[in-house]
Amino acid sequence: MPLPLTEIATPKARIYAMLDTDGDGVASRHDYFVRIERARRATGRSDDDPLVVTARATGEWAWAAMDANGDGVMTYQEYAAWVDAEKFDTVCQFALGALFDLADADQDGALDRAQFTALRQALGNRADNADTAFDALDPHGTGRVDRTAYLAAIRAYVTGDESPMGVALY
């Protein structure tokens with residue numbers, strides 16, 4: 001069953017909704033890994049590219065942590081109870097960082113607007129606010145979104161701290 005619209009207003013619910021790629025109300029293992037495959041295709045990387053291999057391995061590790069009961073699905077209630085600052089620091093940042101690295105074509109630790117837009121769309125973010133999202137995560141107008149700042153913004157969003165990620169997601 002899909003999340004009620006009143007739930008979508010919370011950061012955890014918004015992120016969970018992106019994890020539920022088929023929109024059936026639960027995030028399955030398939031939903032989680034389809035995001036990695038979309039990122040692989042969006043970046044033009046081959047299946048055996050070391051960054052793809054790393055993203056998949058990190059994804060396996062992250063999924064195992066999120067699906068603690070091993071049933072292949074993670075309900076919103078399970079996710080909301082699971083995710084917090086400690087889980088972000090010990091699990092999520094590595095999985096998200098591996099996806100960021102897929103999009104970072106020159107491996108300089110930053111994404112330009114096109115790379116950022118391709119990644120966010122592959123991960124299930126809205127396409128119509130990509131420029132607004134990029135600008136929110138590039139407050140100094142450098143034309144680049146730094147990996148460290150990107151992950152810090154997501155962490156702050158998930159944990160309820162002040163973050164530009166709300167603009168980036170919705």
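**Helix α3.** I began where α3 ends: glycine 44 follows the helix and has a positive phi, near 70°. Helices here are DSSP runs of H or I with at least four residues, strands are runs of E with at least two, and both are numbered from the N terminus. This is a predicted model, in which local features need pLDDT of at least 70, side-chain atom pairs count only at pLDDT 80 or more, and totals for chains, interfaces and linings use all residues. Residues are numbered from 1 along each chain as its sequence is written, and side-chain values use heavy atoms, with hydrogens and water left out.

I then checked the span of α3. The helix covers residues 29-43, 15 residues, and reaches 22 Å from its first C-alpha to its last. That is close to the 21 Å expected at 1.5 Å a residue, where the expected span is 1.5 Å times one less than the number of residues.

Next I looked up burial (buried is under 20% relative accessible area, exposed over 50%, partly exposed in between; 1.4 Å probe, protein chains only). In α3 I found Asp31, Tyr32, Phe33, Val34, Arg35, Ile36, Ala39 and Arg40 buried. They pack against α2, β1 (27-28), α4 (50-66), α6 and α7 (113-122), with contact meaning heavy atoms within 4.5 Å.

**Aspartate 104.** I found this residue in the loop between α6 (85-103) and β3 (110-111). Is there a salt bridge for aspartate 104 or none? There is none, although aspartate 104 is buried. A salt bridge needs a side-chain nitrogen of Lys or Arg within 4 Å of a carboxyl oxygen of Asp or Glu. Arginine 144, the nearest side chain of opposite charge, is 4.9 Å away.

I looked at the backbone instead. The aspartate 104 side chain reaches the backbone nitrogen of aspartate 108 at 3.1 Å. A polar atom of that side chain also lies 2.7 Å from the backbone nitrogen of glycine 109. Among the residues that aspartate 104 touches are Arg45, Leu111 and Gln115.

**Ring pairs.** I counted 7 aromatic pairs. Rings of Phe, Tyr and Trp (its six-membered ring) pair if their centres lie within 6.5 Å; planes under 30 degrees apart are stacked, over 60 edge-to-face, the rest tilted.

Tyrosine 16 and tyrosine 76 are edge-to-face, 5.6 Å centre to centre with 70° between the planes. Tyrosine 16 sits in α2 (residues 11-19) and tyrosine 76 in α5 (residues 76-82), 60 residues apart. Both are buried. The centres of tyrosine 32 and phenylalanine 33 are 5.4 Å apart and their planes at 75°, so this pair is edge-to-face. I also noted a cluster of Tyr16, Tyr76 and Tyr79, linked by ring pairs.

Methods: Lys and Arg count as positive and Asp and Glu as negative; His and the chain ends are not counted. A polar contact is a pair of N or O atoms within 3.5 Å; within protein, one must be able to donate a hydrogen and the other to accept it, and residues adjacent in sequence count only if both atoms are side-chain atoms. Lists of a residue's contacts leave out its neighbours within four places in sequence.
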